[in-house]
Amino acid sequence: MFEQFFPVKDPVLIFALLMLIVLVAPLLSVKLKLPGIIGLIVTGIVLGPHALGVLKRGLEIELLGMVGLLYIMFLAGLELDRIQFIRHRNHSLGFGVLTFSLPLFLGSLLVRYILGFNWPASILLASCFSSHTLITYPIASRLGLTRQRSVTTAVGGTIITDTAALLVLAVIAASHKGEGGVFFWPQLFFFMIVYVAGTIFLLPRLSRWFFRNIATDGVVSFTGVLTAVFLCAYLAHLSGFEPIIGAFLAGLILNSFIPEKSALMNRIQFVGHSLFIPFFLISVGMLVNVGMLFSKTQTMVIAAVMVFAGLTTKWGAAYGTQKIFKYTADEGKLIYGLSVNQAAATLAAVLVGYNIGIFTEPVLTGTVIMILVTSLTGSWITDRYARRVAIKEEEEPYQSSETPHRVLVPLANPQTAEELMNLAMLLRRRSSQEPIYPLTIVESGDNADERIAGAEKLLGHAVVQALEADIPVTPITRAAIDTSIGIQQAIVDLRISVIVSGWRDSSSQSRIFGRVLDSVLDNSTQMMLVSRCLAPTNTTKRVVLAVPPLIDHQAGFATAIEAVKTLTHQLDASLLMASVAPTMEKARKIIQDSLPKLQEKDVQLDSWQELIPWLEKTLEENDLLVIVSVRKGRLAWQPNLNRLPRLISEKFSDINQVFVYPPDKPWGDGIGMKKGKALHPSFLPANHIQLGLSESTISEAIHRLLWEVFSKRQATLKKIGKNLTEMAGSEPMELSPGVVLLHRHISEIETSTAFLGINKEGWKLPFVSQNARVLFILLSSRDAPPETHLKALADLARPLHHFQAAEQLTKLNSVDEVLKLFYGNR
């Protein structure tokens with residue numbers, strides 16, 4: 001009755017039915033508490049040519065299915081954490097060898113001695129058990145596990161085992177057709193080397209040129225990426241390999257050009273998960289001929305042996321990998337769920353064997369049954385254990401580099417707005433619920449409405465950019481008399497923790513970045529990133545990080561280093577760090593002790609003055625130069641840090657640059673003195689503290705403070721007093737507003753000691769933001785290692801960041817109250 005209507009031949013109706021299946025099948029699966037992938041495969045079986053016959057597996061379905069398969073392999077390479085992959089390359093290699101050799105060896109014995117096949121047919125069919133297809137990879141992807149070690153291991157192992165299985169196919173097929181001669185292996189490896197080397201050499205260069213010069217908008221970028229993927233797949237086919245190898249290789253190479261948190265990545269994932277991958281799963285279901293399974297006993301036996309071999313040998317490989325590399329049980333089962341699925345490579349090998357006469361039709365039907373059973377099994381196992389792994393990942397304490405934070409992006413120049421938003425999105429943690437806050441400030445007064453309208457247009461582009469990357473955004477427009485005041489007010493009102501701003505060049509020699517940015521920098525305590533990026537950041541191959549000396553004693557030092565690490569990881573770049581000892585060791589420890597792991601190298605400079613010559617020899621075109629600096633008046637500040645941005649921008653004008661200013665306290669710290677080791681009372685004893693210095697000059701105050709220790713050594717007292725007085729007049733260190741530190745190494749003492757003097761009126765000193773009402777003096781032994789003095793500096797400065805030091809100290813009326821403030825009640 002319905003034969004005149006089915007199978008559907010109208011291409012529009014075929015596509016409409018496919019879209020209906022893509023919409024309805026996953027929804028029904030959810031109702032039945034099954035993975036959506038199973039719903040798509042089963043629907044393909046029911047509506048396919050071997051059941052209801054509504055759809056025929058014609059050229060349209062085959063094309064869409066092949067595109068979906070290539071898209072799965074492309075996404076596997078694109079979403080792969082290359083750093084994690086390289087770090088666990090031995091895991092991928094070990095799993096790849098296990099998941100190929102174990103099914104091949106045991107499968108060959110089963111087929112030879114149970115089914116009675118000859119050895120070539122047995123080995124070829126067993127190689128089908130070795131190969132697998134990442135059908136269930138989208139489940140892990142949607143749960144955010146693409147960079148988890150077990151998923152990375154499974155994906156890497158897939159390429160190894162599929163390539164090896166396809167080589168087995170090529171050898172046996174050539175031998176069967178009489179083509180396997182003395183030149184077979186040299187020719188095979190020659191084409192492999194030429195294709196892989198050519199792709200690795202050409203594609204990165206073409207991609208970098210494309211993203212720098214051609215990719216003007218999202219549509220062009222997306223089209224260019226897909227063109228590269230399918231060309232690589234076709235060239236792999238021409239070279240004698242399966243197209244899936246080319247698609248994966250293209251994804252692996254483009255991985256470093258498409259950041260995880262970008263609009264382009266979101267478009268690629270959206271199109272794949274909503275269109276191409278579901279089409280592939282439907283096409284797999286349409287291959288299954290359930291009727292033949294019950295019509296011939298031989299078919300049932302072959303199908304049973306194939307299903308048994310496929311399920312058990314893949315379980316053995318996953319279990320062996322779990323034990324060898326000490327994965328958790330859930331991770332081991334996740335590897336099994338990802339690797340047990342048989343589909344594309346298996347079907348390709350069996351079809352080739354069928355076409356050249358090695359296999360008969362029962363083997364073809366048994367293969368399709370194995371595909372169905374393994375796909376259903378893999379879908380259920382992956383869905384179950386991927387959720388367990390994801391829950392455990394969420395329960396583990398995350399690194400402070402991933403702490404949720406609010407990012408403010410002041411925008412003024414349309415030409416830099418896109419890169420600033422990209423930088424903010426790269427810094428934002430994937431699981432964060434906080435939006436990004438793009439901000440525009442317009443001058444209040446006459447015609448403010450017109451200026452606000454123009455500003456909102458700029459914000460509109462930023463909003464679209466963030467939403468395309470599936471990142472929440474809250475645009476802010478404010479009218480203010482002064483731009484810097486407007487930004488500072490927004491920082492306070494929105495409780496911002498990170499500021500991402502742009503910079504071109506300052507016209508004033510006396511300023512760091514310019515009037516507005518300098519004002520925001522001086523009047524804020526949050527982490528601030530100042531970007532001077534003239535080229536797209538997604539072309540970055542390496543992040544070159546320069547860390548000045550002493551900055552490791554800045555309270556937010558670890559936060560800044562972890563932010564740079566996060567940025568490097570998101571760009572999929574390597575890290576090259578330069579600093580002096582012991583700052584280098586501390587920065588290295590922060591990078592190496594936390595996740596995620598990076599490809600990192602470091603260079604130890606003898607002195608900070610060597611930085612510019614070293615950069616001149618080291619920097620390359622596709623580097624991102626990151627300079628960690630510090631605000632004026634902080635412990636590690638030195639005058640040359642203010643001159644460094646201008647010098648860097650002049651000498652390296654064609655290199656992308658980001659200047660990072662650490663926050664005054666680490667993210668997550670509360671107010672108080674619970675962090676760090678408390679001061680020891682002997683460091684700042686009661687007789688080293690004087691409160692009534694209001695009538696004294698700075699020279700007299702220094703003399704009075706030192707008298708308790710050096711009263712019997714007048715020559716020493718005079719010499720040290722003179723040196724400290726000269727320091728106060730030329731280079732006082734402002735620890736916080738109104739608090740100044742003077743420090744020296746001397747030979748007359750054995751251990752570090754501190755002095756504290758308070759002048760409620762304050763001393764007028766150069767290079768400080770306000771009168772110095774609190775004076776600290778730190779003296780360390782000249783014979784002690786430099787680290788001892790630096791630690792004493794940090795111990796003294798750390799508590800001052802947890803309270804308004806000048807205000808609180810000048811209100812105290814006794815030495816006991818001062819000691820209680822520093823040491824508590826002990």
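## Aromatic rings and charges

The charged end of Arg112 sits over the ring of Tyr113, 5.9 Å from the ring centre. Arg205 lies over the face of Phe201, at 4.1 Å from the ring centre. A charge counts as sitting over a ring if NZ of Lys or CZ of Arg is within 6 Å of the ring centre and within 35 degrees of the ring normal. This is a predicted model, in which local features need pLDDT of at least 70 and side-chain atom pairs count only at pLDDT 80 or more, while totals for chains, interfaces and linings use all residues. Residues are numbered from 1 along each chain as its sequence is written, and side-chain values use heavy atoms, with hydrogens and water left out.

The structure holds 10 aromatic pairs. In the pair of Tyr113 and Trp119 the ring centres are 6.1 Å apart and the planes stand at 85°, so the pair is edge-to-face. Rings of Phe, Tyr and Trp (its six-membered ring) pair if their centres lie within 6.5 Å; planes under 30 degrees apart count as stacked, over 60 as edge-to-face and the rest as tilted. Tyr113 is exposed, at 61% relative accessibility, and Trp119 is partly exposed, with a relative accessible area of 37%. The cut-offs are under 20% relative accessible area for buried and over 50% for exposed, with partly exposed in between (1.4 Å probe, protein chains only). The rings of Trp315 and Tyr319 have centres 5.0 Å apart and planes at 15°, so this pair is stacked. These two residues are four apart in helix α14 (residues 297-324), which separates Trp315 and Tyr319 by about one helical turn. Trp315 is partly exposed at 47%, and Tyr319 is partly exposed at 37%. Tyr71, Phe74 and Phe276 form one aromatic cluster.

Helices (H or I, at least four residues) and strands (E, at least two) are DSSP runs, numbered from the N terminus. Helix α10 (residues 218-238) has 21 residues and spans 31 Å from its first C-alpha to its last, close to the expected 30 Å. The expected span is 1.5 Å times one less than the number of residues. The buried residues of α10 are Gly218, Ser221, Phe222, Val225, Leu226, Ala228, Val229, Cys232, Ala233 and Ala236. They cover an arc of only 150° around the axis, which puts them on the same side of α10; the arc is that of the directions from the helix axis to the C-beta atoms. On the face turned away from the buried side, α10 carries the exposed residues Val219 and Leu238. Just after α10, Gly240 takes a positive phi of about 100°.

Helix α18 (residues 414-427) has 14 residues and reaches 21 Å between its first and last C-alpha, close to the 20 Å expected. Of the 14 residues of α18, 11 are buried, so the helix is largely enclosed by the rest of the structure. Among them are Thr416, Glu419, Asn422 and Leu427.

In strand β10 (residues 656-661), six of the six residues are buried. Two strands pair if DSSP finds at least two bridges between them. Strand β5 (residues 527-532) runs antiparallel to β10, joined by five bridges, and Leu529 has Val660 as its bridge partner in β10. Strand β9 (residues 623-628) pairs with β10 in the parallel sense, also over five bridges, and the bridge partner of Ile627 in β10 is Phe659. The chain crosses from β9 through helix α25 (residues 639-651) to β10 in a right-handed β-α-β crossover. Right-handed means that, with the strands pointing away from the viewer, the path from the first strand over the helix to the second runs clockwise.

## The open sheet

An open sheet of five strands has the order β11-β14-β15-β13-β12, with mixed pairing. Its edge strands are β11 (689-690) and β12 (733-736), each of which pairs on one side only. Strand β12 is joined by three bridges to strand β13 (residues 739-746), and the two run antiparallel. Met733 stands opposite Leu741 in β13.

## Backbone exceptions

Most residues other than glycine have a negative phi, and most peptide bonds are trans. Ala581 and Pro582 are joined by a cis peptide bond, with omega about 0°. Pro582 lies in the loop between β7 (574-579) and α23 (583-593).

Lys326, which is not a glycine, has a positive phi of about 60°. Lys326 is found in the loop between α14 and α15 (329-339) and is exposed, at 69% relative accessibility. Leu550, also not a glycine, has a positive phi of about 75°. Leu550 lies in the loop between β6 (542-546) and α22 (557-570) and is partly exposed, with a relative accessible area of 27%.
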